[in-house]
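Work through the exercises below with the structure in view. Try each task before reading its solution.

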Amino acid sequence: MQSEDIFKRYSRQIFIDEIGLEGQKKIINAKVLVIGAGGLGSPVIQYLAAAGVGTLGLADFDTVELHNLNRQIIHNENEIGTLKIKSAEKFVNTLNHQVKVIGIEQKIDAVNASQILSQYDIIVDGSDNFSTRYLVNDTCVALEKTLVYGSILGFSGQVAVFNYKGSKNLRDLFPEPPFDEEMRDCDSLGVLGALPGIIGSMMALKALKIITNLPVNLNQLTLIDTLNWRFQTLDF
């Protein structure tokens with residue numbers, strides 16, 4: 001991609017003093033893995049692709065369903081019944097053909113986690129279950145990979161950066177996962193569609209700040225309560 005084309009496409013990012021042309025080049029050279037192409041993954045994928053992240057890995061094994069569409073904005077009615085990975089790849093290629101998108105039609109598990117995550121600089125976890133979150137966290141610790149974490153439920157969300165420049169990880173905050181069968185999730189409690197847009201956008205912004213070496217708050221968990229419009233940061 002010619003430098004003049006980079007400037008024309010990404011000028012509104014390059015105009016930011018803290019980003020500039022050098023920062024944009026870092027974004028273009030970055031390799032980011034997004035785990036999950038659902039509620040959180042959708043805005044993360046959308047904004048990282050729009051920002052010009054050079055290599056975008058997308059891991060998901062599910063299909064698009066009608067009830068997904070209130071929040072999973074990269075998919076549409078025509079994609080119902082198709083693999084989310086295929087729908088996500090199509091979205092990215094339509095939005096920004098210069099992004100190298102790598103679809104990974106697999107569930108992240110103990111067998112494949114290290115091999116998949118090792119290929120990327122930053123991991124963004126948009127998964128929807130505790131077993132995957134803890135597996136991803138532990139794999140990032142073992143591989144010394146930075147992890148951008150988020151979760152949503154109802155009107156509430158959480159965001160944090162783990163394992164970055166020696167910072168703490170998920171187990172320092174919550175040493176053990178709760179039993180999944182005891183936890184109610186979005187399928188039973190629901191989620192308002194705009195919430196993952198907020199949390200996912202925050203996750204994407206954190207990933208872009210990490211890529212461009214901008215300051216990131218470490219060892220902090222941000223709690224977002226959109227019902228009462230309260231934002232709280234907890235140190236750990």
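This is a predicted model: local features need pLDDT of at least 70, side-chain atom pairs count only at pLDDT 80 or more; totals for chains, interfaces and linings use all residues.

**Exercise 1.** State the order of the strands in the open sheet and name the edge strands.

Solution. 
- Step 1. The open sheet has eight strands in the order 3-2-1-4-5-6-7-8, and their pairing is mixed.
- Step 2. Strand 3 (100-104) and strand 8 are the edge strands, as each pairs on one side only.
- Step 3. On average, and with direction ignored, neighbouring strands of this sheet are turned by 15 degrees against each other.

**Exercise 2.** Find the sense in which strand 1 and strand 4 pair, and the helices that lie on them.

Solution. 
- Step 1. Strands of a sheet pair through backbone hydrogen bonds, in either a parallel or an antiparallel way.
- Step 2. Strand 1 (residues 31-35) and strand 4 (residues 122-125) are parallel, with four bridges.
- Step 3. I35 has D125 in strand 4 as its bridge partner.
- Step 4. Helix 3 (residues 41-51) lies across strand 1, strand 2 (55-59) and strand 4, and runs at about 160 degrees to strand 1.
- Step 5. Helix 9 (residues 194-211) also packs on the sheet, where it touches strand 1, strand 4, strand 5 (146-153), strand 6 (156-162) and strand 7. The direction of helix 9 makes about 170 degrees with that of strand 5.

**Exercise 3.** Describe how strand 7 and strand 8 are joined, and what the turn between them contains.

Solution. 
- Step 1. The two strands run antiparallel and are joined by six bridges.
- Step 2. Within strand 8, L234 is the residue opposite L221.
- Step 3. Strand 7 and strand 8 make a hairpin with four residues between them. In its turn, W229 has a positive phi of about 50 degrees.
- Step 4. L227 is in the loop between strand 7 (220-225) and strand 8 (230-235).

**Exercise 4.** Compare N213 and N219 by place, phi and accessibility.

Solution. 
- Step 1. N213 is in the loop between helix 9 and strand 7, and N219 is also placed between helix 9 and strand 7.
- Step 2. Phi is positive in N213, near 60 degrees, and positive in N219, at about 55 degrees.
- Step 3. N213 counts as partly exposed because its relative accessibility is 48%. N219 is partly exposed with a relative accessible area of 23%.

Technical notes
Residues are numbered from 1 along each chain as its sequence is written. Side-chain values use heavy atoms; hydrogens and water are left out. Two strands pair if DSSP finds at least two bridges between them. Axes are lines fitted to C-alpha atoms, for helices over the stretch in contact, and angles run from 0 to 180 degrees between N-to-C directions. Contact means heavy atoms within 4.5 Å. Buried means under 20% relative accessible area, exposed over 50%, partly exposed in between (1.4 Å probe, protein chains only).
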